[in-house]
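Welcome! Please take a moment to look over the sequence and the 3D view before reading on.

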Amino acid sequence: MRLGVLDVGSNTVHLLVVDAHPGARPLPAHSHKVELRLAQLLDEDGAIGPEGVDKLAGVVQEALQAAEDKGVEELLPFATSAVREASNADDVLARVQTETGVELQVLTGAEEARLTFLAARRWFGWSAGKLLVLDIGGGSLEIAYGIDEEPDAAASLPLGAGRLTAAWLPGDPPEPDAIRALRRHVRAQIARTVGEFSRFGAPDHVVATSKTFKQLARLAGAARSADGLYVQRELKRGSLESWVPRLAGMTTAQRALLPGVSEGRAEQLIAGAMVAEGAMDLFGVETLEVCPWALREGVILRRLDQMQSA
């Protein structure tokens with residue numbers, strides 16, 4: 001059947017349409033993406049303002065029309081940290097449902113981590129052994145670890161690239177003092193969770209998902225996205241450490257000219273790089289591999305599993 005996943009994230013609203021069959025890998029058929037940056041539309045009270053809600057409802061309606069045009073039989077709509085943590089989340093969800101008929105399922109941070117882990121496990125298979133999975137979104141950092149399809153440990157931290165950029169890095173380029181303060185904050189947050197994962201032992205394979213990690217790997221010399229899903233892409237901590245100060249000294253316009261960096265993500269790339277560097281350092285990761293599957297694929301795989309067991 002043709003499934004659609006509508007991901008209302010902190011940076012983008014992304015409709016992914018796939019042809020899905022139980023027991024087979026989902027085949028992408030269409031992608032519809034709009035950058036909304038909800039994480040940066042929160043007001044001082046932590047609410048998504050009227051303009052942001054209007055934009056969200058409009059983008060969801062567009063995605064719904066695109067799904068209908070592409071023959072989607074079942075739509076799986078969900079929202080992540082920006083909506084989850086908005087002080088007016090219930091009102092936002094009710095407004096979207098009233099105007100579009102779409103009932104967004106709000107995933108918890110732990111659910112995000114578990115579903116992303118499922119996608120990575122299915123991509124790399126059992127031979128990958130114990131997996132440590134890192135995912136940097138616009139609003140949060142997800143970490144998961146385990147040897148099965150359900151992780152032994154999962155955590156979600158408020159260290160998304162968009163959130164941190166809005167709260168900590170107002171300058172362009174950011175002031176050195178702001179960079180140092182953010183570095184301390186990021187590492188203190190990650191350090192609190194390391195013990196929860198280290199008691200399970202060292203992972204056999206470290207995997208990263210998300211646009212942030214893909215862009216950082218590209219800067220460090222990994223293959224272009226145009227080269228396809230099946231090209232192995234790695235990110236080494238040494239390469240990342242050399243890029244962080246360079247990115248910090250650039251303006252947003254200068255970062256947007258770098259290979260693999262989109263204009264819409266250039267502003268928050270330095271914050272994302274600092275989170276990636278902190279996670280790799282504190283978890284003792286020298287090299288990680290970028291996984292093309294992430295949360296959206298995890299949602300699809302879980303739905304296919306449910307269909308098989310029904």
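Predicted model: local features only at pLDDT ≥ 70, side-chain atom pairs only at ≥ 80, totals over all residues.

The report below walks through a sheet, a serine, some aromatic rings, the nonpolar cores and a few backbone details.

Strand β1 has partners on both sides. With β2 it runs antiparallel, and seven bridges join the two; V5 stands opposite L16 in β2. A hairpin of three residues carries the chain from β1 to β2. With β4, the pairing of β1 is parallel and spans six bridges, and here G4 faces L75 in β4. Because six of its seven residues are buried, β1 is largely enclosed by the rest of the structure.

Further along, β4 (residues 74-79) and β5 run parallel and are joined by two bridges. To find this spot in the view, look for F78, which stands opposite Q105 in β5.

## A serine between two strands

Now go to S10, which sits in the loop between β1 (2-8) and β2 (12-19). Is S10 buried or exposed? With a relative accessible area of 4%, S10 is buried.

The side chain of S10 comes to 3.3 Å from the backbone nitrogen of A82. A polar atom of that side chain also lies 3.3 Å from the backbone nitrogen of G139. Neighbours within four places in sequence aside, the residues in contact with S10 are R37, L38, A39, T80, S81, A82, G138 and G139.

## Aromatic rings

A pair of aromatic rings can be described by the distance between the centres and the angle between the planes. The structure holds four aromatic pairs. One of them joins W123 and W293 edge-to-face, with 5.2 Å from centre to centre and 65 degrees between the planes. This pair links distant parts of the chain, 170 residues apart: W123 belongs to helix α4 (residues 109-124), and W293 to the loop between β11 (287-290) and α11 (295-309). W123 is partly exposed at 22% relative accessibility, whereas W293 is buried at 10%.

Another pair is formed by Y145 and F200; it counts as stacked because the planes are at 25 degrees, with the ring centres 5.8 Å apart. Y145 lies in strand β7 (residues 141-146) and F200 in the loop between α6 (176-198) and β9 (205-209), so the pair ties together parts 55 residues apart in sequence. Y145 is buried, at 2% relative accessibility, while F200 is partly exposed at 25%.

Ring pairs also link W123, Y230 and W293 into a cluster. Elsewhere, a charged side chain meets a ring: R246 lies over the face of W243, 3.8 Å from the ring centre.

## Nonpolar cores

In soluble globular proteins, nonpolar side chains tend to be buried together. Which residues touch the most other members of the largest nonpolar core? They are I190, L247 and L288, in a core of 50 residues. Helix α10 (residues 269-282) gives the most to this core, contributing nine residues.

Take L247 for a closer look: beyond its neighbours within four places in sequence, L247 is in contact with L216, L219, R255, L258, L269, I270 and A273. Apart from this core lies another, of 25 residues, including L38, A86, V96 and V102.

## Backbone details

A cis peptide bond, with omega of about 5 degrees, joins D172 and P173. P173 is found in the loop between α5 (161-168) and α6.

Phi of R37 is positive, near 55 degrees, although the residue is not a glycine. R37 lies in the loop between β3 and α1 (50-69) and is partly exposed, at 25% relative accessibility.

S210 is not a glycine, yet it has a positive phi of about 100 degrees. The loop between β9 and α7 (211-219) holds S210, which is buried with a relative accessible area of 11%.

Definitions and conventions
Residues numbered from 1 in each chain as written. Heavy atoms only, no water. Pairing = 2+ DSSP bridges. Helix = DSSP H or I, 4+ residues; strand = E, 2+ residues; numbered from the N terminus. Phe/Tyr/Trp six-rings, centres within 6.5 Å; stacked < 30°, edge-to-face > 60°. Buried < 20%, exposed > 50% of the residue type's maximum accessible area, 1.4 Å probe, protein only. Lys NZ or Arg CZ within 6 Å of the ring centre and 35° of its normal. Polar contact = N/O pair within 3.5 Å; in protein donor to acceptor, adjacent residues only side chain to side chain. Contact = heavy atoms within 4.5 Å. Core = buried A, V, L, I, M, F, W, Y, C linked by side-chain atoms within 4.5 Å.
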